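Please look over the sequence and structure shown here before reading the briefing that follows.

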Amino acid sequence: MSLSKFKFDRKIVLSFWIILIALIIAAPTLLPVFRLNLLGRYLSLSIVALGVDLIWGYTGLLSLGQGIFFALGGYCAAMYLQITSSSEFPNNIPEFFALYGVEKLPFFWEPFRSPVFTFFAIWIIPALVAGLIGFLVFRNRIKGVYFSILTQASLLVFFNFFNGQQKLINGTNGLKTDVTKIFGQMVGSESMQRIFFWITAILVIAAWFFAKWVVKGRFGNILIGIRDDEPRVRFTGYNPVIFKTIIFSIAGGLAGISGALYTVQSGIVSPQFMTVPFSIEMVIWVAVGGRGTLMGAILGAVFINYAKSLVSEALPASWMFIQGGLFILVVTALPEGVLGWIQGDGPRNLLQKFGLKRKIETYPSLEVNNKDGNNE
Amino acid sequence: MELLLDSLFNGVAIGSVLLVAALGLAIVFGLMGVINLAHGELMMLGAYTTYVTQLIFKLPILKPYYNSYIIVSIFLAFIVSGVVGILLEKTIIRKLYGSPLETLLATWGVSLILQQFVRSVPLAYGTGLVISLLIGLFLPTTFPSKIKESINFKYFKFSSWIFAALTGVLTGSLISSSVSKLSRASARNVDVTAPSWMRGQVEIIGTAFPKTRLMIIVITLISVIAITLFLNQSAWGMRIRAVTQNRQMSDCLGISTEKVDIITFGIGSGLAGVAGVAVSLLGSVGPNVGGNYIVGCFMVVVLGGVGNLLGTVLASFGIGIMTDLIGAGRLLSIWPDMPLPLSNTINFFATTSMARVMIFALIVLFLQFKPTGLFPQKGRMVEN
């Protein structure tokens, strides 16, 4: 029961991509700057949602700590921007260090002077941290809700740590990026934001293809096997720990990229990215979109965030009710998510409830006369 | 010696708040395998109940009994949180047994709704709603069995809900008209003031202890003893333990697992309410008060081992004492001339938030050696 039932024509697929690319190129002229910026942010959030879908939808690991990796990616990007544009400040280090009397760049920020290092750090550091946390947890066969609780606890560890360290990372205030410069342009400027939007859109598509590639083939089959019956996977001779660690660090890396893109578009990274509610929200995007469907994760992230900003503008108090209701509704009534529901038998079952008869499926008419015409 | 006693007392005080908060969670999670992320919000309801009770006891009729409001509010908080918990079980959690991750998400949704509810609904009408829930859920069970078994029982049920709704609206408007502080919704934090006999300090062996802290320890002690007695001595306690060990078999032997679930969840939620009273004595009460405790509570349950009260007790006191030792930098004063790198490390972690970092890290480290906590449940299933 999947979408593959309707095989799309190659021409349709091609024209879909052409329209999509045209929309992405034209978006900056179609949308006002404010909305474009929001769309860019939500698209970058859809990358972290893809990661959540990989670990939760495909492997069955509900992580409530994706905010750690998201924020790590953001901090890497923000620190690089701060360092490169700090030439006018004393000691050639970012301005905030002076507030706390720090005169020398802490040693672990030293490599971030290099753009190449930063480019790799943005996704490799979160992936390594995720791999380490994952390995320590999975090695002991801690799973299910225990895994979720432990990831949440790690999230709090990181949150408290980042919140408390003024001298190293500016604590609660976070790192601002919108007044920093890259390629001689202000990061917060309109033209730069347009470029970031395009980069984000391209990376979302790239991440989607990457995730599709990951869940395809034997690796993906093992992931689904772990989700559905882990002991059986183990008894067949596979070591689930390795696969779980790999997929968890892939999700961590995706979260890092997402966090970096989000940071440059929102203009700040702060420990607020590591609060408990934000990380749980990432799960609900995937749950509403449809877990186990990669496109569902992307659409869920973009649409829910857009709805959030629209509702919060109109009725600030009601968003919490709506969000809480969404959690309950999607879990009790729509466990497959919207896209999963559409791909399954959802719409037809719904039509049937309203009295529209469902077409009875029969075998395709057997070819009585085969090509040779022997039966005649 | 005095320092050690001081540290021990502080640790026990922190630990007892954790314990009373985690006790309900340990029962719900340990016995039913249900992750209730709304547990913190049930605590918040208990804390708000204390606040409402306090204001109602300031009314002229109840003024002479004002000093005993805190005792009354413990029972009321138990009932309020218990009723909300039972409603939660009946409407949502029941559908999700066997899928803990889904329960986790749904209860998170409930917690968001409860937080916003406290912000945007006046407390007076909130009280009225709880009263009507209480009547609606429990009035039908008090009917004589003759009515219960009749075909028309659903009409009786329906009319009792109407009666409940009317009573709720009446009490709500009554409270709102007599106590002006409760008639408007507000997102601001509120303060519970302890009655006069609980203010001040008591001196034990030359050290002064604040009375509110002692009161919390007493509340915790009573809750732990009561719940242990209930689980080990009463008939329903035995049924709960039976269902915990083997649900199918208990069902086959005629134990109503449905009722056991409701009772377990109700008691667990009620204990969250009691914890809320304790929390309200410590600081101001706001819609987010529960969120500060929930992760700590889960850590206690995971560390103590699921389904084991002794583990929960030891884990929470362990965490409490460690928090105090690390957070207040007491190790330095106990051992003043330790080597410099060590003392630098200790100073680095000597704040409340960094102590949390350290303790969570220690817990994760501990779970490397004992993945199922202090007192694991023994079993021979693959999954165990």
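A residue is called buried if 20 or more other C-beta atoms lie within 10 Å of its own, exposed if 12 or fewer do, and partly exposed in between, with C-beta atoms placed from the backbone. On that basis, 44% of the 376 residues of chain A count as buried. This is a predicted model, in which local features need pLDDT of at least 70 and side-chain atom pairs count only at pLDDT 80 or more, while totals for chains, interfaces and linings use all residues. Residues are numbered from 1 along each chain as its sequence is written, and chains are lettered from A in the order in which they are written.

**Chain A overall**
- Chain A comprises 16 helices and four strands, where helices (H or I, at least four residues) and strands (E, at least two) are DSSP runs numbered from the N terminus.
- Of the contacts in chain A with a separation of 6 or more, 79% join residues 24 or more positions apart, a contact being two residues whose backbone-placed C-beta atoms lie within 7 Å.

**Helix 11**
- Because 21 of its 27 residues are buried, helix 11 of chain A is largely enclosed by the rest of the structure.
- After helix 11 of chain A comes A:Gly267, with a positive phi near 90 degrees.

**Where chain A meets chain B**
- The two chains meet through 36 residues of chain A in contact with 36 residues of chain B.
- Helix 6 (145-164), helix 12 (276-289) and helix 14 (318-332) of chain A each give two or more residues to the side that touches chain B, and helix 6 of chain A gives the most, with 13 residues.
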